[in-house]
Amino acid sequence: MKKKKLIIVTLLLFVVLTGVFIFTSNSPGPGDLPENSAIKEEIESTLGGVKIDEIVDRQQVGDDHAFFPFITDDGQRGMSVWKVENRKWTIGASDNGGEPSLWKIDPQDPETFYIIYHLDPDDDVDKIDFYMKRERNYHVTGEHQSYVPQIMAKEEVDVSGGYGAQPAPKIWKELQNQLNTLAQPDNNGANGLFSSSHPNPHLQMLYVPYDDEGEFSRLEQTLGNQSFTNGEQMDLIIWMDPLELEEEQIQ
Amino acid sequence: MVFDFNWSWNLPEIILQIISYVLIISLLLIIYKKQSEKPHIGKAVLAAMVGIFSFSFNFQFQGYSVSLAILPLGVGVLYFFIKRRNEERWRVYRRYAWLGFLANYVFLLTGLLTPLVFNLMYDKSDPATYLAQTDDAAVHLTHESADQRNLHNERLETELENAQVKEFDSMRWHRQIEDQEEKERFPYILSGFESKSGSDLNAVTFVEKDGKGLLIQTAEDQLYVRTEQSVLKEGE
């Protein structure tokens with residue numbers, strides 16, 4: 001009697017497990033990107049008062065993320081990022097400005113970071129130099145000395161196309177990965193988890209824009225004033241005063 | 001949510017852990033053999049495992065977390081449940097429960113020994129410990145005041161063999177650059193190298209602008225190494 005029960009239970013379990021397996025592996029994916037009208041509606045409903053004139057482009061990023069630069073009714077450049085959630089395309093974040101940002105799909109993994117921007121043509125910016133910066137420092141405690149070299153790692157990006165979503169520079173990923181290994185304790189200490197949620201607080205992301213003649217420029221029309229997030233992280237990259245380049249004897 | 005199983009191959013730690021498990025299992029088998037009235041072996045193991053459970057005081061010893069067991073809670077629970085019902089049976093299981101509690105001290109001892117064994121196996125003040133494998137190493141420009149250069153892998157390897165760890169004056173370096181007497185001293189970072197296998201050590205290494213200096217930042221310390229020849233190739 002007992003044996004019979006056991007066999008039935010095992011069989012049932014087997015059927016359920018295979019069912020779950022088939023369901024998850026064969027279930028239809030998120031499918032094509034949503035229609036422009038649906039994207040429009042969703043962005044408008046999350047950015048109060050913003051009316052969208054046009055979705056400029058639809059760029060899929062990896063398997064389950066997408067980037068949509070848009071123009072509002074009053075000519076403002078904005079951008080929206082989407083993700084697949086529960087096998088459906090869902091809005092991740094949007095901004096009615098297009099100032100360069102670092103989109104961190106998985107904040108723990110620099111390999112998933114993208115630079116995104118959507119520039120207003122009136123700003124007349126053709127090229128942007130992006131910098132990853134860490135301040136120079138030194139420490140002396142008794143006999144113990146340490147020197148922290150300044151980091152000013154540059155990536156030149158041609159932005160004459162007006163908008164884009166491109167993988168973060170390799171050198172940024174390298175730096176973030178390397179500095180992360182030191183930020184976490186070697187041995188499975190309790191603060192291992194904690195410290196990884198604050199990766200490299202000292203690394204800053206900066207940008208210097210140039211016009212078509214290679215002169216320093218500013219992004220003025222591109223700036224937005226409203227943003228919304230549904231879990232996706234878009235870190236604003238900050239404008240750097242070109243004077244700083246001179247001070248650091250760069251150029 | 002991605003779970004990151006961070007495998008670390010801290011060889012001294014693994015060796016000592018294996019030793020402590022072997023020790024505990026052998027003790028258990030010795031007790032078992034000597035007993036005239038034997039319990040089921042599975043139940044004996046279970047009693048030992050419950051016996052490990054204790055009220056303990058956790059602390060850090062040279063970067064390793066160790067715990068000092070104070071109250072044998074597991075032994076107490078077993079005593080309560082077994083002896084209350086059957087005094088004879090408690091006599092059979094008693095030793096296994098206490099062996100479990102004893103295991104805490106075996107782990108404590110190996111935990112305290114780990115940093116000592118580690119220091120016997122690896123020299124933390126030797127640059128070669130951190131830069132043991134440099135075949136796939138490369139340099140990257142991290143400061144725009146210098147020019148992109150390439151790494152001279154063979155030379156790095158030979159130079160590391162007789163490299164000298166030097167004292168340095170970090171305040172002077174800092175001031176020279178802030179006063180614009182000099183450009184950033186360490187404008188390159190090294191990638192793709194590995195520390196001695198089994199050491200589980202990490203380091204971030206900056207390369208000096210003349211190619212003859214390495215600044216190795218470890219978890220606790222910073223080593224400055226000067227080499228005879230530049231480890232950077234001439235030109236682009």
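Here is a short chat about a predicted model, covering parts of chains A and B.

Biologist: I'm new to this one, and I know it's a predicted model. Into which domains is chain B divided?
Modeller: Chain B has domain 1, covering 11-121, and domain 2, covering 127-234.

Biologist: What separates the centres of those domains in chain B?
Modeller: Taken over C-alpha atoms, the centres of domain 1 and domain 2 of chain B are 47 Å apart.

Biologist: Okay, helices now. At what angle do H1 and H4 of chain B cross?
Modeller: Roughly 155°, with the axes of H1 (residues 11-34) and H4 (residues 87-121) coming within 8 Å. Angles over 145 degrees count as roughly antiparallel, so that is how H1(B) and H4(B) lie to each other.

Biologist: Is that crossing of H1(B) and H4(B) left-handed or right-handed?
Modeller: The crossing of H1(B) and H4(B) is right-handed.

Biologist: And which kinds of residues make the contact of H1(B) with H4(B)?
Modeller: There are 21 nonpolar residues in that contact, along with 3 polar and 2 charged.

Biologist: Switching to chain A. What's the strand order in the open sheet of 4 strands?
Modeller: The order is E12-E7-E6-E15, and the pairing is antiparallel.

Biologist: Which strands stand at the edges?
Modeller: E12 (163-167) and E15 (233-236) of chain A. Each has a single partner strand, so one side of each has no neighbour in the sheet.

Biologist: How are neighbouring strands of this sheet turned against each other?
Modeller: By 25° on average, with direction ignored.

Biologist: How many bridges are there between E6 and E7 of chain A?
Modeller: E6 (residues 101-104) and E7 (residues 113-118) pair over 4 bridges, in the antiparallel sense. Opposite Lys104(A) you'll find Phe113(A) in E7(A).

Definitions and conventions: Residues numbered from 1 in each chain as written. Chains lettered and ligands numbered in written order. Predicted model: local features only at pLDDT ≥ 70, side-chain atom pairs only at ≥ 80, totals over all residues. Heavy atoms only, no water. Axes fitted to C-alpha atoms, helices over the stretch in contact; angles between N-to-C directions. Helix = DSSP H or I, 4+ residues; strand = E, 2+ residues; numbered from the N terminus. Parallel < 35°, antiparallel > 145°, perpendicular 65-115°, else oblique. Left-handed = near helix turned anticlockwise from the far one by under 90°. Nonpolar A, V, L, I, M, F, W, Y, C, P; charged D, E, K, R; others polar. Pairing = 2+ DSSP bridges. Domains from an automatic or database assignment.
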